Amino acid sequence: MEGYHKETYGASWAPDYDEIFATVAGAMIERLVEFGSGGRVLELAIGTGRVALPLVERGVDLTGIDISREMVERLRTKPGGDRIPVVMGDFSEVPVEGNFRLVYLVFNTLFALENQQAQIRCFANVAAHLEPGGRFVTETFFPDLTRFDRGQRFGALAVEVDEVQVEASRHDRTRQSINTQRIHFREDGLKMYPVRVRYAWPAEMDLMARLAGLELESRWGGWDREPFDHQSQIHVSVYHKPA
Ligand SMILES: C[S@@+](CC[C@H](N)C(=O)[O-])C[C@H]1O[C@@H](n2cnc3c(N)ncnc32)[C@H](O)[C@@H]1O
């Protein structure tokens, strides 16, 4: 996907992001409140505030980072969205002052970083901004290569009277990258929502964490602390900085 860069996701998805991803799991909010309450919390890639706003409503002291002006403009229009401090920049650099009790990065967004080097940099910078005993919580998909047939996948996400939504992906297993276009067809035309990810295996993430001086504390198959096993589609991984 030539021409795809760090700002492309937000520029393409922002107008419709909250409609496409309308819900947020209650259990995610509960776990993040548990880990973050009483300390400073940082969300990497805060986007439109889908996760941040419910946390702030629960009294969490939250700061965000994002690179997309369009996504953060959406956040600013929502009740309470104008009161959350947001630093504009690349979250792998963690360009903020001070330390945090909890840093979190959900919805596969670790994989938005273009390669292993950028992901290693992210872990290292997060570790440098955690207070002793603080936690870094990630939520990512558990790569499932059986989804691809000779490096590609095409599928219908929704078929309605007035709309069809499809998804086309190409997988490059040498780079561990997946380029996807989600396409919505309506009578008045079509819209494209591109996304590029560089996935990492759970063990690879643990190694990145160890390089940064963090330790894996828990890994769940979901936010309700479901066991993580070979059938899990996602994993929630909790890393902590030794006190
Ligand atoms: C899938 S959205 C997730 C937003 C929010 N965390 C949520 O769960 O709704 C991904 C976000 O990551 C941001 N993003 C992608 N790459 C980034 C980077 N390198 N630095 C900062 N933000 C980035 C995008 O602008 C977008 O807002």
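**The ligand site**

Modeller: A polar side-chain atom of Tyr 17 sits 2.6 Å from an oxygen atom of the ligand, a polar contact in the sense of a pair of N or O atoms within 3.5 Å (within protein, one must be able to donate a hydrogen and the other to accept it, and residues adjacent in sequence count only if both atoms are side-chain atoms). This is a predicted model, in which local features need pLDDT of at least 70 and side-chain atom pairs count only at pLDDT 80 or more, while totals for chains, interfaces and linings use all residues. Residues are numbered from 1 along each chain as its sequence is written, and side-chain values use heavy atoms, with hydrogens and water left out.

Asp 66 also reaches the ligand: an N or O atom in its side chain is 2.7 Å from a ligand oxygen atom. With Ile 67 the backbone is involved, one of its N or O atoms lying 3.2 Å from a nitrogen atom of the ligand. The ligand taken alone exposes 600 Å², and the protein buries 97% of that (accessible areas by the Shrake-Rupley method with a 1.4 Å probe; for residues, only the protein chains shown count as cover).

Around the ligand there are 20 residues, of which Tyr 17, Glu 43, Ala 45, Arg 50 and Asp 66 come nearest; a residue is near if one of its heavy atoms lies within 4 Å. The shell divides into twelve nonpolar, four polar and four charged residues. Here Ala, Val, Leu, Ile, Met, Phe, Trp, Tyr, Cys and Pro count as nonpolar, Asp, Glu, Lys and Arg as charged, and the others, Gly among them, as polar.
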